Amino acid sequence: MEKMEDNKTNLSEKQKGGMLTMPFIFGNEVCEKLAVVGFGANMISYLTTQLHMPLTKAANTLTNFGGTASLTPLLGAFIADSFAGRFWTITIASIIYQVGMASLTLSAILPQLRPPPCAGDQVCKEADAGQLAILYTSLLFGALGSGGIRPCVVAFGADQFSGTDPKQVTRTWKYFNWYYFVMGASMLVAVTVLVYIQDNVGWGWGLGIPTVAMFLSIIAFIIGYPLYQHLDPSGSPFTRLLQVAVAAFRKRKLAVPDPELLYKNEEMDASIALEGNLAHTKQITFLDKAAIVTEEDNTKSPNLWRLNTIHRVEELKSVIRMGPIWAAGILLITAYAQQGTFSLQQAKTMDRHLSKSFEIPAGSMSVFTMVSMLSTIAIYDRVLVHVARRFTGLDRGITFLQRMGIGFVISILATLVAGFMEVKRKKAALAHGLEDKAHSIIPISVFWLVPQYSLHGIAEAFMSIGHLEFFYDQSPESMRSTAAALFWLSISMGNYVSTLLVSLVHKFSAKQDGSNWLPDNNLNKGKLEYFYWLITCLQVFNLIYYLCCAKKYTLKPIQFQSKESDSEEGRSVELASKV
């Protein structure tokens with residue numbers, strides 16, 4: 001009878017998860033992206049035209065918000081991996097996000113929550129402290145909500161596919177492509193439909209629509225609860241990492257013995273090693289001291305601040321090894337961030353007419369980024385993978401490290417091209433006597449900016465998805481929400497670096513005659529092309545750094561236990577990146 005009940009339980013578990021759950025999971029992500037991008041793509045316009053902020057202050061506000069919203073996933077991942085689980089973290093975070101969106105919509109609807117409109121040539125009144133407080137509070141709720149949604153949705157979706165079934169593993173890396181594709185499609189809708197509504201109908205409608213969509217997605221996500229495959233949280237990963245570091249320090253004077261003598265306890269590690277235990281590696285051997293068994297240690301019930309298993313030691317090694325690759329992704333985000341600030345300001349000064357009666361909103365220029373990104377993902381998944389597979393023998397075509405490297409190269413081209421396009425735009429302004437007229441439309445087509453937007457989209461399709469795959473594949477399985485948070489943390493740092501770079505360039509390029517590389521009021525008088533080329537040079541150095549890190553990187557080895565045998569012969573070691 002017990003065997004029959006176990007079989008029923010196993011059958012029930014097997015029926016959970018899989019492709020059936022994707023609409024519910026993707027629905028939540030789509031609505032979060034509609035809200036974030038629908039506001040973020042046009043936020044620079046909202047801050048400068050509705051709240052009357054100076055350009056550099058508005059640009060820094062935008063990148064600071066983006067940075068904070070990408071920093072909070074560390075908190076959300078900690079909560080999910082430690083005790084709440086991914087489902088409940090996503091649910092609660094979505095409700096918090098809903099509150100933030102609702103208050104932001106109200107601030108756009110009610111006139112008293114914004115400064116009065118500019119009257120003619122009079123100096124515009126900036127938003128007062130109270131109005132800014134409402135704005136920042138709404139953004140804070142949005143950032144906190146994003147912190148629970150972003151790291152957990154991607155990991156929760158990947159959890160729906162078994163990590164030990166080869167067919168399911170193949171679906172997992174395809175899932176990352178399609179996760180990013182669905183996310184990109186929702187962003188495409190945001191930068192076209194929602195931005196058009198914001199510019200031509202009103203900000204109340206432009207923010208109200210994604211607010212309602214978010215509410216409906218929360219309901220749909222909760223309805224899908226019985227279908228999901230739920231993985232129990234395995235305790236704080238940060239505590240485990242700290243325990244290994246402390247144990248290694250306490251035994252720092254001991255010599256590291258043969259790896260076979262280091263402490264192992266598969267029963268204790270069972271909840272954090274469902275796909276297999278991590279095998280010993282020869283890097284960072286100082287940490288191996290945490291697994292040295294001494295006479296004072298109780299191997300049956302060890303004090304984890306003195307003795308840890310080799311699996312837990314390798315968890316910390318994996319995180320440390322990922323650090324340099326993680327850092328390399330920061331500067332790409334810094335380059336990408338300029339699309340929502342200075343590239344958008346370029347677009348506002350150019351001829352955006354598709355016809356005599358229809359004009360493209362400046363905030364919708366990122367549609368070219370989205371289209372190129374989506375096209376690249378589709379071509380990569382359907383064509384490039386199959387072609388590359390013939391040469392590499394890998395199911396995924398190329399490794400995620402190679403994919404990221406291609407993205408870095410294309411990003412360098414994007415900022416290089418952007419500088420030349422700015423030179424062309426300013427020459428047109430000078431030729432038509434518009435250099436001193438900041439708000440006049442220069443008779444040059446906005447489509448000259450399409451190459452830089454498109455190259456950024458192609459770069460993101462390679463680098464960002466490769467980065468996300470890298471974190472999920474190479475992180476310890478009990479820390480996958482945390483790993484996804486590291487992806488968003490790199491985005492956060494990229495935005496903060498952008499803020500720092502803009503501030504430093506604005507400060508040190510200022511001259512006594514009032515000229516500046518990044519002027520507040522008249523982009524025609526600036527040297528934006530120099531700023532773009534500065535980022536290009538930084539990215540070249542970053543690429544060299546990345547290539548050195550990638551060459552020395554050691555893939556995470558997993559020791560699988562054969563189900564038929566518990567003996568040593570039943571074990572095999574494989575690299576985590578085996579597909």
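The model is predicted, so local features need a pLDDT of at least 70 and side-chain atom pairs count only at pLDDT 80 or more, whereas totals for chains, interfaces and linings use all residues. Residues are numbered from 1 along each chain as its sequence is written, and side-chain values use heavy atoms, with hydrogens and water left out.

The protein chain contains 19 helices and five strands; these are DSSP runs, with helices (H or I) of at least four residues and strands (E) of at least two, numbered from the N terminus. Its radius of gyration is 26 Å, close to the 25 Å that the globule rule gives for 579 residues, so the chain is as compact as a globular protein of that length. Here the radius is taken over C-alpha atoms, and the rule is 2.2 Å times the number of residues to the power 0.38. Along the principal axes, the C-alpha atoms fill a box of roughly 80 × 50 × 50 Å. Of the 579 residues, 55% are buried (under 20% relative accessible area with a 1.4 Å probe, protein chains only; exposed is over 50%, and partly exposed lies in between). Among contacts (heavy atoms within 4.5 Å) with a separation of 6 or more, 82% join residues 24 or more positions apart.

Next come the spaces inside the fold. On a 1 Å grid over the protein atoms alone, a cavity is a set of points where a 1.4 Å probe fits but cannot get out, while a pocket is an open set with protein on both sides within 12 Å along at least five of seven lines; lining residues have an atom within 4 Å of a point. Grid points are joined across faces, edges and corners, and a volume is the space filled by probe spheres set on the points.

A search of the whole structure finds four cavities of 30 Å³ or more. The largest cavity holds about 750 Å³ of space. It is lined by 35 residues, of which Val36, Val37, Met187, Tyr336 and Asn495 are the closest to its centre. Helices that each supply at least two lining residues include H2 (22–40), H8 (166–200) and H18 (480–508), but the largest share, six residues, comes from H4. The lining has 21 nonpolar, 11 polar and three charged residues (Ala, Val, Leu, Ile, Met, Phe, Trp, Tyr, Cys and Pro count as nonpolar; Asp, Glu, Lys and Arg as charged; the others, Gly among them, as polar).

The second largest cavity has a volume of about 100 Å³. Among its lining residues are Val36, Phe39, Phe65, Tyr97 and Ser146. H7 gives the most to this lining, with four residues, and the classes are nine nonpolar, three polar and no charged residues.

The second largest pocket has a volume of about 980 Å³. Of its 29 lining residues, Thr48, Thr49, Gln345, Lys348 and His439 are the closest to the centre. H3 provides the largest share of this lining, four residues.

Two single residues complete the picture. Aspartate 473 lies in helix H17 and is buried, with a relative accessible area of 12%. Its side chain makes a polar contact with the side chain of glutamine 474 (2.7 Å); such a contact is a pair of N or O atoms within 3.5 Å, where, within protein, one must be able to donate a hydrogen and the other to accept it, and residues adjacent in sequence count only if both atoms are side-chain atoms. Glutamine 160, found in the loop between H7 and H8, counts as buried at 2% relative accessibility. The C-alpha atoms of glutamine 160 and histidine 230 are separated by 8.2 Å, although these residues are 70 residues apart along the chain.
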